[in-house]
Amino acid sequence: MHKFLSEGPLTAEQLSCLMSQMNDRSDTGGHSLFIGQVRADIVNNKSVEAIEYSAYESMVNDEAERIIAQIKTEFTDVKIVEILHSTGIVKAGEVSLAVMVSAGHRHQAIQACSKTVELIKERLPVWKKELLEDNSHIWRDNRG
Amino acid sequence: MFFGVLAEVTGTSFLYFSGVRTLSDLRQRITDKHPEIVHYNFRIAVNSLFTDDDCALSDGDEVALLPPFAGG
């Protein structure tokens with residue numbers, strides 16, 4: 001089964017590995033990469049120091065496969081969709097999400113990457129707890 | 001199974017019930033044990049598939065209470 005979750009922040013090595021998917025292919029001409037990073041937002045006058053992600057792993061795997069299938073159906077020029085999301089604690093400034101879409105041409109690569117990120121936010125069973133500088137926390141969601 | 005804020009307010013990630021025949025029966029059993037969850041929004045997945053309806057349950061089914069997602 002494809003592994004879509006990774007404990008802790010995503011590393012440069014993992015991002016490089018994602019991008020290496022394009023190697024040895026001659027049917028792709030455009031690649032779009034989205035990287036999501038934890039922001040040090042100010043919440044109630046307190047700084048967000050980190051986010052703790054939790055996930056329903058088996059459903060993440062199923063839902064990510066469905067998202068990839070949907071993207072490949074809607075964007076017929078897309079050849080590769082890669083998704084990698086952090087679980088556990090990711091500090092402000094570190095990377096928690098990577099999406100790479102490769103297509104024959106740039107327009108579909110860019111549009112499909114954007115749609116994939118939106119579907120991840122809407123459908124992937126992942127939750128985040130913002131950890132604040134005073135050791136309090138706030139649960140966040142993607143509504144609104 | 002409880003996730004996110006629901007795991008926090010119930011103090012657990014797993015509960016096991018036997019002899020539950022329908023999803024509405026299960027919801028009642030859960031709210032009897034953890035009445036505080038009625039104050040939270042959540043969807044339900046049975047065996048990793050969303051369901052908005054009552055449905056029959058069998059032994060071994062995995063039911064997850066899912067607060068609004070926050071991936072990304």
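Ala, Val, Leu, Ile, Met, Phe, Trp, Tyr, Cys and Pro count as nonpolar here; Asp, Glu, Lys and Arg count as charged; the others, Gly among them, count as polar.

A word on the source. This is a predicted model, where local features need pLDDT of at least 70 and side-chain atom pairs count only at pLDDT 80 or more, while totals for chains, interfaces and linings use all residues. Residues are numbered from 1 along each chain as its sequence is written, chains are lettered from A and ligands numbered from 1 in the order in which they are written, and side-chain values use heavy atoms, with hydrogens and water left out.

Empty space comes up first. Rolling a probe the size of a water molecule over the atoms shows where such space is left. The search runs on a 1 Å grid over the protein atoms alone. A cavity is a set of points where a 1.4 Å probe fits but cannot get out. A pocket is an open set with protein on both sides within 12 Å along at least five of seven lines. Lining residues have an atom within 4 Å of a point. Grid points are joined across faces, edges and corners, and a volume is the space filled by probe spheres set on the points.

How many cavities of 30 Å³ or more does the structure hold? One. The largest cavity has about 30 Å³ of space. Its lining is B:R27, B:I30, B:T31, B:I37, B:F42, B:I44 and B:L65. By class, that makes five nonpolar, one polar and one charged. Helix α2(B) gives the largest share of this lining, three residues. Helices (H or I, at least four residues) and strands (E, at least two) are DSSP runs, numbered from the N terminus.

Now the largest pocket. Its volume is about 420 Å³. The lining has 12 nonpolar, four polar and three charged residues.

Stay on strand β3 of chain B, where B:L66 lies. Buried or exposed? B:L66 counts as buried, at 1% relative accessibility. The cut-offs: buried means under 20% relative accessible area, exposed over 50%, partly exposed in between (1.4 Å probe, protein chains only). B:L66 and B:A45 are 21 residues apart along the chain, and their C-alpha atoms are separated by 7.4 Å.

Compare B:D53. This residue lies in the loop between β2 (49-51) and β3 of chain B. B:D53 is exposed, at 55% relative accessibility. B:S24 is 29 residues from B:D53 along the chain, with 8.9 Å between the two C-alpha atoms.

A salt bridge is a side-chain nitrogen of Lys or Arg within 4 Å of a carboxyl oxygen of Asp or Glu. How many turn up over all chains? Eight, in a search of the whole structure.

Take A:E52 and A:K129. Their closest N and O atoms are 3.7 Å apart. A:E52 sits in strand β4 (residues 46-55) and A:K129 in strand β7 (residues 126-132), both of chain A, so the pair ties together parts that are 77 residues apart in sequence. A:E52 is partly exposed at 30%. A:K129 is buried at 16%.

Next, A:E63 and A:R66. This salt bridge is 2.5 Å, N to O. Both residues lie in helix α2 (residues 57-74) of chain A, three residues apart, about one turn of the helix. A:E63 is buried at 4%, and A:R66 is partly exposed at 31%.

Third, A:R140 and A:E130, at 2.9 Å, N to O. A:R140 is in strand β8 (residues 137-140) and A:E130 in strand β7 of chain A, so this bridge links parts 10 residues apart in sequence. A:R140 is partly exposed at 34%; A:E130 is buried at 7%. There is also a network: salt bridges that share partners join A:E63, A:R66 and A:R123.
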